[in-house]
2 protein chains.
Amino acid sequence: MTAPGTRKFWGWGVHGAGPSDEQVAGIQKTVEERFGRSLSRRAPPEIGDLDLPAPRVEPPAALAGLCSSAPDDRAGHHYGKSYRDIVRAYRGEFPHPPDHVARPTSEDEVAALLDWCADAHLTAVPYGGGSSVVGGVETGFDGDHRGVVSIDMERMGAVIEVDRTARAARIQAGAYGPALEDALRPHGLTLRHFPQSFEFSTLGGWIATRGGGHYATLYTHIDDFVASVRAVTPSGLYESRRLPGSGAGPSPDRMMLGSEGILGIVTEAWMRLQDRPTFRAGTSVRFEGEDGFLRGAEAVRAISQSGLFPANCRLLDAAEAQTSGAGDGTYAVLVLGFESADHPLDVWMARAAELCRDAGGIVPEGALATRASRPDSGGGDREGAAGAWRRAFLQAPYVRDALVGVSVIAETFETAIPWDRFPDFHRQVMAATHSAVLRVCGAGQVACRFTHVYPDGAAPYYSVLAPARPGSELEQWAEIKQAAADALIAAGGTITHHHAVGRDHRPWYDMQRPEPFARALRAAKAELDPAAVLNPGVLIDPEPRR
Amino acid sequence: MTAPGTRKFWGWGVHGAGPSDEQVAGIQKTVEERFGRSLSRRAPPEIGDLDLPAPRVEPPAALAGLCSSAPDDRAGHHYGKSYRDIVRAYRGEFPHPPDHVARPTSEDEVAALLDWCADAHLTAVPYGGGSSVVGGVETGFDGDHRGVVSIDMERMGAVIEVDRTARAARIQAGAYGPALEDALRPHGLTLRHFPQSFEFSTLGGWIATRGGGHYATLYTHIDDFVASVRAVTPSGLYESRRLPGSGAGPSPDRMMLGSEGILGIVTEAWMRLQDRPTFRAGTSVRFEGEDGFLRGAEAVRAISQSGLFPANCRLLDAAEAQTSGAGDGTYAVLVLGFESADHPLDVWMARAAELCRDAGGIVPEGALATRASRPDSGGGDREGAAGAWRRAFLQAPYVRDALVGVSVIAETFETAIPWDRFPDFHRQVMAATHSAVLRVCGAGQVACRFTHVYPDGAAPYYSVLAPARPGSELEQWAEIKQAAADALIAAGGTITHHHAVGRDHRPWYDMQRPEPFARALRAAKAELDPAAVLNPGVLIDPEPRR
């Protein structure tokens, strides 16, 4: 149950990873000092303590070999990995687990599972790595259905074909980030898509949710890397032609991208790859004073409009810089980096530094020259400050779980907004969120960084840290989430830049998407999924069964 | 009827533009010599010679002021501007003109026109600049409808709002290329979207057909410039939120992009703009020998995968280079150029030249340094070779019309293909097309250039020039078109990279798009256009009227 390396059913990642007991105690102490509260620590649940309801249905004999009703499988596929999910898991609340977890090994088996669901009046929830933070893989939304099957794609995780000339690969949807990169590395190639969930999310999940990598400009969303897609819908195979570009009708790939499992289950895709970088140049720039973050944003705007395309262009406000160890809390920091597999980057770096200085940034001397780096250094530079940041980035979800264990609300939300509206937008969102945090929790902080930047705007990412009352975490969290989401929708943002909609973002998504688009999507779903088995409640309301 | 500056009803552009009588005689002589045929010249039709059927319906009083049934309006909106369209126009064949040409001035009027069409059982054909070469605006496909209205958006052509900070503008769909650029120029901004149809096509048309500009890398398709879109559908206003990026469900913009007027009529969009370039560097590179074009393609592949992002990277095979005056017919030519509003480009140009030399290209010495250029020099550099090329590029459709007048087939088709498949693909398409040309016409040439390149492939553009038998042009054209399109679909290409599908590309589009996608699109159309008034036969088969 707790063998090191096996997936946790109640939280992020695998047993044995994440902060040690001693480190958790340290985190607890830091938070206690910061907020002047004494916190008590709970242990996560054990699988033997759970009282799961028995499966309501049994698979047909032909599919029984693909299906598991083991308690840790069922509990582990009940939720995604949002703050709310972890709180409920800590409390041992697993009221509506999937009746079965199915692990198909072929498209025919995926189709057979969907047929079973349609025939037996069951809900099917497509499952990649299970890292959704928006209720996208949660079970228990089966309405009048007789049961629910979580369809876990992990056994369809191979890199099938690699094309070195066009730099592309045909990859199965169930491929996890590390395995996918391992398979591409011998070819000198990389998908170069590193979301925070990288270790525990899959290609299919990235496509279904329009995931964002951690690179700042140019190619950031998975959308841009998809050359073609295959998906099994309840009414047939959906396969687009592999093309570098096409103008033939609305893009069939873009209908599947972001469909969050309501139209079909993505089974594979041809993905555009990149050469592994061999040149790197980077620095970090300080923006001091009260308006440091806004002046940093001006520098970032200039850089994003310059045509230089840095790989990293991550602006941290003073609080975020302090939390991540990049600053002392008195200044904003811009982490700036260029990468190339083709050419040294001195000219690029020098011009970007100039744009930072123009906006009042303090650029360290002598740190701008290009360094050649090993092409096999994986997802970004593993040494120095960038390496430390990367490790901290991948550890963050484990730390979040530890904070849940001491009843601290540790939540993030993300959006995007055009540059001209950013200063007002940021003030309004910060004010609304911070005021909700103080009202609800009495103490806490809200910090901001940019995860992605575009020539016409930025994607700000807000982090909330606040001490909760044990037992009231979900109500307190909901009030803060509502205040933040209301503010960002009112001020013109999107409810999600790369976390997806799922079920949790529905109220705000419904305000933002065009009403006729929702109707068109509902009609498309009714055509492709006539029995409405797939992921009910995600993106649109379930169709009545025909 | 033939006042200079007014649009021709039978062909490209305006009266008084294009080659003079003397130049047409010169073109005729050149072609006669090349193909060893004597050609006879016809005059284009006069409006008074046409025998148009009378309008079958009359608009309601409230809409009568928006509608014209003048013969030149009706004849001028019967066809687009394909080779086939011009041949039929020359012959005076206008059997199914629109009963009325409506020119709305507001979204309310667009909605009222669509309501009229639904109520009176009429077909509505959305019309931008009318430059479709795929039957996308053709009338006469009204099935069991009682009449057809061409909805010309030219009176909704304003730039409404300009945002200098985020570099974006809110622009009405009916804005023609030159007017749109004129309105942006005082702000130092440009949409930088220059399709060959630039002078006689509109923003709405570019969005509806996923138009491609003439820049070679990075931002080429209009898709990438759309920050949000508004469209009037028969069942309500479709308006997306203006955002630099979003991961909230499938993109509502991407459903409207490429919808070719079957879901709604685009009325305006927020468009991403760019600063007008102030630095330019360019050269042209020769690739000699039998395999010059394929070695040039290798150079282009290396450049497209380098992260340098040239604005121009146009590879011409020997025949295409000769036709356009860039070569003598014995070598392939790569026209290479960089542009920036931010920085000199010497380093970019030098590295790209190195990649060309690695592939055996001959780069002229001393032509690589960056030149500062006037920011007001419009759509690319108007001086030197690039300027000459640009003028020839915009004149080409006029020349095509002149060739139709002497019964020469002058047709182009375009596609896209991943790099690894390109050499075989190109051989197969060239062989099939050339063999059809010789079989059908006895003489003729097929040439190729790249219009756009991507890290994972190229967009080859093929030009056919062949002497036809007067009176048999359409049958001869159809046989060549079929051979070329069959070959490119069989070899893995797309039936269109930027010309769209319309009605003419349907047989091949139907082979290439996913079948479930077509059903989903049909369901979406039935939801948004329940009376099936919009552009029947484009992209999918008409819905039965409910």
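**Close-up views of a predicted two-chain model**

**View 1. Helix α1 of chain A and the glycine after it.** Helix α1 (residues 21-35) of chain A has 15 residues and spans 21 Å from its first C-alpha to its last, close to the 21 Å expected at 1.5 Å a residue, where the expected span is 1.5 Å times one less than the number of residues. Helices (H or I, at least four residues) and strands (E, at least two) are DSSP runs, numbered from the N terminus. After α1(A) comes G36(A), whose phi is positive, near 60 degrees. This is a predicted model, in which local features need pLDDT of at least 70 and side-chain atom pairs count only at pLDDT 80 or more, while totals for chains, interfaces and linings use all residues. Residues are numbered from 1 along each chain as its sequence is written, and chains are lettered from A and ligands numbered from 1 in the order in which they are written.

**View 2. Helix α1 of chain B.** In chain B, helix α1 (residues 21-35) has 15 residues and reaches 21 Å between its first and last C-alpha, close to the 21 Å expected at 1.5 Å a residue. G36(B), with a positive phi near 60 degrees, follows α1(B).

**View 3. Strand β3 of chain A and its pairing with β4.** Five of the five residues of β3 (residues 123-127) of chain A are buried, so this strand is largely enclosed by the rest of the structure; buried means that 20 or more other C-beta atoms, placed from the backbone, lie within 10 Å of the residue's own. T123(A), V125(A) and Y127(A) point one way from β3(A), whereas A124(A) and P126(A) point the other way. β3(A) pairs with strand β4 (residues 148-152) of chain A in the parallel sense over five bridges, pairing being called if DSSP finds at least two bridges between two strands. I151(A) in β4(A) is the bridge partner of P126(A).

**View 4. Domains 1 and 2 of chain A.** The domain assignment, which is automatic or from a database, gives chain A domain 1 (22-152), domain 2 (159-275) and domain 3 (279-490). The C-alpha centres of domains 1 and 2 of chain A lie 25 Å apart. Across this boundary, 11 residues of domain 1 of chain A are in contact with 16 residues of domain 2 of chain A, contact meaning C-beta atoms, placed from the backbone, within 7 Å. Helix α5 (residues 107-120) of chain A gives the most to the side of domain 1 that touches domain 2, with five residues.

**View 5. The contact of chain A with chain B.** The contact takes 77 residues from chain A and 78 residues from chain B. On the chain A side, α16(A) gives the most, with 11 residues.

Terms used: Buried ≥ 20, exposed ≤ 12 C-beta atoms within 10 Å, placed from the backbone. Contact = placed C-beta atoms within 7 Å.
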